[in-house]
Amino acid sequence: MVRLRGPSEPLVKRRAVRSTSSSRSGHNLLKKKPLKPGRKSLSVAPLDPEAPARQQQMKSYEEALKYFQQQKFHRSKELLEHVVEGPSKELQDRARVHLRICEQRISRAPAVVLKSAEDHYTQGVALMNLGRWDEAREHLDRARKAAPKADHVVYAMAALDCLTGEADSAMQNLKIAIQLRPENRYHARNDQDFAFLLEDPRFTELLYPERGDGSGG
C-alpha cells in the first residue's frame with residue numbers, strides 16, 4: 001500500500017551522493033590492478049649438477065653392501081671402488097671402511113680343498129713367498145708324506161729350512177734332493193734361498209764336489 005504524504009509533512013529532497021577526489025582515490029585502491037611483469041623475478045635455486053652422480057654413487061654403495069653381506073667380496077670390492085670416486089665424501093668414507101675389509105678377506109689363502117702332493121707343494125711354495133713359514137712347512141710336510149721321493153718337494157723343504165735358519169736340517173734335505181735328482185746341485189748354486197749357507201763348508205763341499213777331488217789328487 002502506497003503511503004501518501006500528509007499536508008503537514010515537509011518535502012524532503014533526496015540528494016545525490018557525489019564522490020570527491022579523495023573518495024575516488026580510495027575506491028581505486030580497492031580495485032584489483034593487474035600485475036605487470038616486473039623486471040626482477042623470484043630467483044630459483046639452480047639444480048645440483050652432481051645430483052645424478054650422487055644418486056648413482058648411493059645405488060652402487062647399496063649394491064656393494066648387498067654383495068658384502070653375501071660374502072662376495074670381489075664383486076663388492078669392484079662396486080666400492082666406484083663409490084670412492086663419487087662426489088659424496090660421506091659415502092666415500094663408508095666405502096673405504098668396507099673396501100679395506102674386502103681386501104683383507106680376498107688376500108687370505110683361498111679355502112680350497114688340497115688333496116694331492118702337488119697341491120700341497122704349490123700351496124707351500126706360495127706361502128713361502130709370502131713369508132708365512134709355519135703354514136708353508138705344514139703343507140710341504142703333507143706333500144712329502146704323500147710323495148716321499150718327489151725331489152722338488154724335498155728341495156723346497158731344504159730352502160725353507162735355510163730361510164728359517166735351520167742349517168743342519170737344510171743340509172740334510174738338500175743332500176737328499178740332490179741324491180734324488182743330481183741336477184738340483186746346480187740349481188742350488190744360484191738359488192738365493194740358500195744364501196744363509198754360503199759360508200758353511202759343508203754347503204760348498206756338497207755343491208762343488210769336484211773341488212775336493214782336485215785337492216786330493
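## Overall Architecture

The protein comprises eleven helices and zero strands, in a model that is predicted. Read from the N terminus, its elements follow the order α-α-α-α-α-α-α-α-α-α-α.

Of the 217 residues in the protein, 27% are buried.

## Packing of α2 and α3

Two packed helices are described by the angle between their axes and the distance between the axes. For helix α2 (residues 51–69) and helix α3 (residues 73–84), the angle is about 160 degrees and the axes are 8 Å apart. Because angles over 145 degrees count as roughly antiparallel, α2 is placed in that class relative to α3. The crossing of these two helices is left-handed.

On the α2 side, the contact involves Q57, S60, Y61, E63, A64, Y67 and F68. Their partners in α3 are F73, R75, S76, L79, L80 and V83. Sorted by class, the residues of this contact are eight nonpolar, three polar and two charged.

## The Loop Residue Q71

Q71 is situated in the loop between α2 and α3. Its phi is near 65 degrees, a positive value in a residue other than glycine. Most residues other than glycine have a negative phi. Is Q71 buried or exposed? With a relative accessibility of 58%, Q71 counts as exposed, because the threshold for that class is over 50%.

## Packing of α3 and α4

Helix α3 also packs against helix α4 (residues 89–107), at an angle of about 150 degrees and with the axes 9 Å apart. The two helices are therefore roughly antiparallel to each other. The crossing of α3 and α4 is left-handed.

From α3, the residues F73, H74, S76, K77, L80, E81, V83 and V84 take part in the contact. From α4, the contributing residues are L91, Q92, A95, R96, H98, L99, C102, E103, R105 and I106. The contact of α3 with α4 divides into nine nonpolar, four polar and five charged residues.

How many disulfides does a search of the whole structure find? The search returns zero. Two cysteines may be described by their accessibility.

L207 belongs to helix α10 (residues 201–207). The residue is buried, with a relative accessible area of 0%.

Which residues does L207 touch, not counting those up to four places away in sequence? The partners are L174, I178, R185, A188 and R189. A further spatial relation concerns K175, which is 32 residues from L207 along the chain. The C-alpha atoms of L207 and K175 are separated by 9.2 Å.

How values were computed
Residues numbered from 1 in each chain as written. Predicted model: local features only at pLDDT ≥ 70, side-chain atom pairs only at ≥ 80, totals over all residues. Heavy atoms only, no water. Disulfide = S-S within 2.5 Å. Axes fitted to C-alpha atoms, helices over the stretch in contact; angles between N-to-C directions. Helix = DSSP H or I, 4+ residues; strand = E, 2+ residues; numbered from the N terminus. Parallel < 35°, antiparallel > 145°, perpendicular 65-115°, else oblique. Left-handed = near helix turned anticlockwise from the far one by under 90°. Contact = heavy atoms within 4.5 Å. Nonpolar A, V, L, I, M, F, W, Y, C, P; charged D, E, K, R; others polar. Buried < 20%, exposed > 50% of the residue type's maximum accessible area, 1.4 Å probe, protein only.
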